[in-house]
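The report below describes a single protein chain, moving from the overall fold to local features. Please read it alongside the sequence and the model.

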Amino acid sequence: LAFNALASSVTSTAVVVDNTAPQCEIITNLAATLTNVDTVVYSVHFTEAVQDFDAQADVTVYTSGTVAYTGISIADGPQTYTVSVTGVSGDGHLNIAANNGGVIRDLAGNPLFTSVSSSTVHMDNTPPRVTAVTPSPSPANSSSINFWFVFSEGVINFDAESDLSLVEGGTLAHVGVSFSAG
């Protein structure tokens with residue numbers, strides 16, 4: 001056996017071992033919490049960069065009432081994504097979560113461990129309607145008549161003469177309109 005001296009040295013590089021599964025930790029609704037839009041957009045944030053978060057099957061959409069949707073699109077990444085739920089219609093609630101147990105993985109190949117759900121978006125695509133109009137006093141023999149309007153749901157911006165369709169007959173003519181909430 002020859003005892004020869006080592007002619008060169010070998011330097012090893014560090015190896016990073018990643019056994020930590022990613023988590024979907026924040027899903028933020030970018031729309032109003034009460035809306036009638038046909039596309040609801042969310043920001044989905046993972047604890048680290050992920051791959052394969054790119055298909056409709058990677059997202060669970062929860063709905064209630066008559067809410068329906070036609071599709072999902074996913075953009076951006078690799079740690080924060082934009083998810084758009086498209087073709088939304090109906091009345092009720094809508095929220096989403098990333099599917100764990102699927103193909104979503106971190107860059108080391110660890111599968112998604114857990115996901116949170118987004119806050120709930122309340123969808124209201126049914127316009128309000130007037131359910132009753134009551135004059136007071138009735139019959140009227142005064143210079144001023146009050147009308148009480150009852151709507152099927154709360155309304156805003158019912159505050160101008162242009163919001164009314166006034167039909168006058170005979171010698172009746174109005175001078176002005178005023179509004180007050182009651």
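## Order of elements and basis of the model

From the N terminus on, the elements of the chain run β-β-β-β-β-β-β-β-β-β-β-β-β, which amounts to zero helices and 13 strands. Helices (H or I, at least four residues) and strands (E, at least two) are DSSP runs, numbered from the N terminus.

This is a predicted model, in which local features need pLDDT of at least 70 and side-chain atom pairs count only at pLDDT 80 or more, while totals for chains, interfaces and linings use all residues. Residues are numbered from 1 along each chain as its sequence is written, and side-chain values use heavy atoms, with hydrogens and water left out.

## Overall dimensions and burial

The chain has a radius of gyration of 31 Å, whereas a compact globule of 182 residues would have one near 16 Å; the radius is taken over C-alpha atoms, and the globule rule is 2.2 Å times the number of residues to the power 0.38. Along its principal axes, the C-alpha trace of the chain spans about 130 × 25 × 20 Å.

Of the 182 residues of the chain, 20% count as buried, where buried means under 20% relative accessible area, exposed over 50%, and partly exposed in between (1.4 Å probe, protein chains only). The accessible surface of the chain comes to about 12,000 Å², and 53% of this belongs to carbon and sulfur atoms; such areas come from the Shrake-Rupley method with a 1.4 Å probe, and for residues only the protein chains shown count as cover. Among the contacts in the chain with a separation of 6 or more, 59% are accounted for by residues 24 or more positions apart, a contact meaning heavy atoms within 4.5 Å.

## A nonpolar patch

Val 130, Val 133, Ile 145, Phe 147 and Phe 149 make a nonpolar surface patch of about 410 Å². Patches are made of residues with over 30% relative accessible area and no salt bridge, like charges being joined within 9 Å and nonpolar side chains (Val, Leu, Ile, Met, Phe, Trp, Tyr) within 5 Å; a salt bridge is a side-chain nitrogen of Lys or Arg within 4 Å of a carboxyl oxygen of Asp or Glu.

Strands β12 (130-136) and β13 (146-151) each supply at least two residues of this patch. Val 130 lies in strand β12 and is partly exposed, with a relative accessible area of 42%.

## Aromatic pairs

The structure holds six aromatic pairs. In one of them, the rings of Phe 149 and Phe 158 have their centres 5.2 Å apart and their planes at 70°, so the pair is edge-to-face. Phe 151 and Phe 158 form another edge-to-face pair, with 5.1 Å centre to centre and 75° between the planes. Rings of Phe, Tyr and Trp (its six-membered ring) pair if their centres lie within 6.5 Å; planes under 30 degrees apart count as stacked, over 60 as edge-to-face and the rest as tilted.

Phe 149, Phe 151, Phe 158 and Phe 179 form one aromatic cluster.

## Backbone features

Most residues other than glycine have a negative phi, and most peptide bonds are trans. The peptide bond from Gly 77 to Pro 78 is cis, with omega near 5°, and Pro 78 is placed in the loop between β6 (71-76) and β7 (80-86).

Asp 76, in strand β6, has a positive phi near 75° and is exposed at 60% relative accessibility. Asn 157, in the segment after β13, likewise has a positive phi, near 65°, and is exposed with a relative accessible area of 57%.
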